[in-house]
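Hello,

Here is the structure I promised to pass on to you. Please have a look at it first, and then read my notes below.

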Amino acid sequence: MSIRTFICAALAGGGLLASATAAAIDFDLGKIVSGVKQLKTAVIGPDQQEEHELGRIAAATLLGAAKPMSNRELQAYVGKVGLWVALQSERPDLPWRFAVLDDNSINAFAAPGGYVFVTRGLLARLHNEAELAGVLGHEISHVVLKHHLKALRREAGTQLLSDLGSDALAQKAGRASIPPELLNTVSAQAKTLYTRGLDKSDEYAADQLGVQLAGHAGYDPYGLLAVLQTLDSMDSNDGSLALLYQTHPRPADRLAQLDKLSEQLDAFGQQPTLEPRFVASASAAVTAKK
Amino acid sequence: MIRKLFWALLWLPLLAVAEPGYISDATDLRDGPYADAKTLQSLPAAAPVEILGRQGGWYQVQVGQQQGWVRMSSLRLRAPGAKAGVLDGGRAVATQTVATTGVRGFGKGELQNATPDVPAVDALEAAVVAEADARAFAGQAGLQARPDSGKGGSP
């Protein structure tokens, strides 16, 4: 039974239960919806559970270096842009989580299972929503194409993964604590991965799919290219770019790869950049602390 | 005269934000953002231009007294020869990281020394965006998903 079928069945069951008891008890849609959400998490298969738990540890590792900004409106704005772009992907049903990290570095990160982070430093250098959609599209693509997941699996080996799998399944969907040994092992691998970087080919693939996702979401697909031009114009000795440059091909090389797509992208060329909404929702929030 | 003044005023906001750009490879200045638009003049590599705006894969630029369009890929935002970075195995490397961590943000060292923060990850669950909210948010701005979305294929 697929997740969707299961949820439909659960919804139908919830509806019947509700109508049967509506006369006596207040009908609480919120409870049913939250119940269905839990079911959705609980019925995901062992592979996806493993992906989620590996991602949870990888994300925890990144959040050990920088915390999410406390501005809820800004987080909600970035979250909505991100989810809208992710909904155009092959994995719209993942539990997508987006956050702006309170840090001056210029960077963005993805972790398995649907975690996407962008730093305040990068957000402060963007000009419009299409550029943000392009950046998030690149990170979403890493998740969709399972780049970090495959790299972590390569590092981890089978024994660890079977431990993780059985442990994760035992936890079901609970937010149970992670065994310290597992946390340390996977976190160390995540650190290696995030400081060494993925294969160049993975970065180029994420650029390509990211641009397409932003275009499919209705944005000007050239947003990511505009961001890469901005990065290309910066002094590469700028310390805030250090980690990005250590882990990614040069912006000029990424632009050269994306140029091959230009004929396809021109079909999307008239789509909006939504600069006013970006300026109103994000610019002030990130430049205030610049 | 009035008409000329009107057109001049129309460009004011654009001129106010114009930023410099440089032609990376010799290209043509065209009278529209299309590959088959009329060529106004040929621009040599390294020619400086003022960027007036962008539409899709084309920049609108001012070259001397003439305005036109050039391909995005034919233009860079920095002068030729400026920086370029030190290369290490094909990757650009930022060599001088003398500034303090607060100014430059976290890098390799801070990440390697980071203590995983599991509660911070689990706290993200509280701020999850509902699919309906994301769809409404897109609708408010008139964003329309392309019919071939969700397949991850080429547009």
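A definition to start with: a residue is buried when its relative accessible area is under 20%, exposed when it is over 50%, and partly exposed in between, using a 1.4 Å probe and protein chains only. By that rule Glu131(B), at 37% relative accessibility, is partly exposed.

Some housekeeping next. This is a predicted model, in which local features need pLDDT of at least 70, side-chain atom pairs count only at pLDDT 80 or more, and totals for chains, interfaces and linings use all residues. Residues are numbered from 1 along each chain as its sequence is written, chains are lettered from A and ligands numbered from 1 in the order in which they are written, and side-chain values use heavy atoms, with hydrogens and water left out.

Chain B

Chain B contains five helices and nine strands; helices (H or I, at least four residues) and strands (E, at least two) are DSSP runs, numbered from the N terminus. Along the sequence the pattern is α-β-β-β-β-β-β-β-β-β-α-α-α-α. Chain B has 155 residues, of which 34% are buried. Among its contacts (heavy atoms within 4.5 Å) with a separation of 6 or more, 47% join residues 24 or more positions apart.

The interface

Chain A brings 90 residues to the contact and chain B brings 70. The two chains bury about 6500 Å² between them, with 59% of it on carbon and sulfur atoms; buried area here is the accessible area (1.4 Å probe) that two parts lose on being put together, summed over both. There are 20 residue pairs in polar contact across the interface, both residues being at pLDDT 80 or more. A polar contact is a pair of N or O atoms within 3.5 Å; within protein, one must be able to donate a hydrogen and the other to accept it, and residues adjacent in sequence count only if both atoms are side-chain atoms. On the side of chain B that touches chain A, the elements giving two or more residues include β4 (48-55), β5 (58-63) and α4 (118-123) of chain B. The largest share of that side, seven residues, is from α5(B).

Salt bridges

- Arg56(A) pairs with Asp122(B), with the closest N and O atoms 2.9 Å apart. Arg56(A) also meets Glu53(A) at 3.1 Å, N to O, and Glu53(A), Arg56(A) and Asp122(B) are linked in a network of salt bridges. Glu53(A) and Arg56(A) are both buried, and both lie in helix α3 (residues 46-65) of chain A, three residues apart.
- Asp232(A) and Arg78(B) form a salt bridge at 3.3 Å, N to O. Asp232(A) is in helix α10 (residues 223-233) of chain A and Arg78(B) is in the loop between β7 and β8 (86-88) of chain B, so this pair joins two chains. Both residues are buried.
- Arg135(B) and Glu131(B) have their closest N and O atoms 3.0 Å apart. These two sit in helix α5 of chain B, four residues apart, about one turn of the helix. Arg135(B) is partly exposed at 42% relative accessible area.

Best wishes

Technical notes
A salt bridge is a side-chain nitrogen of Lys or Arg within 4 Å of a carboxyl oxygen of Asp or Glu.
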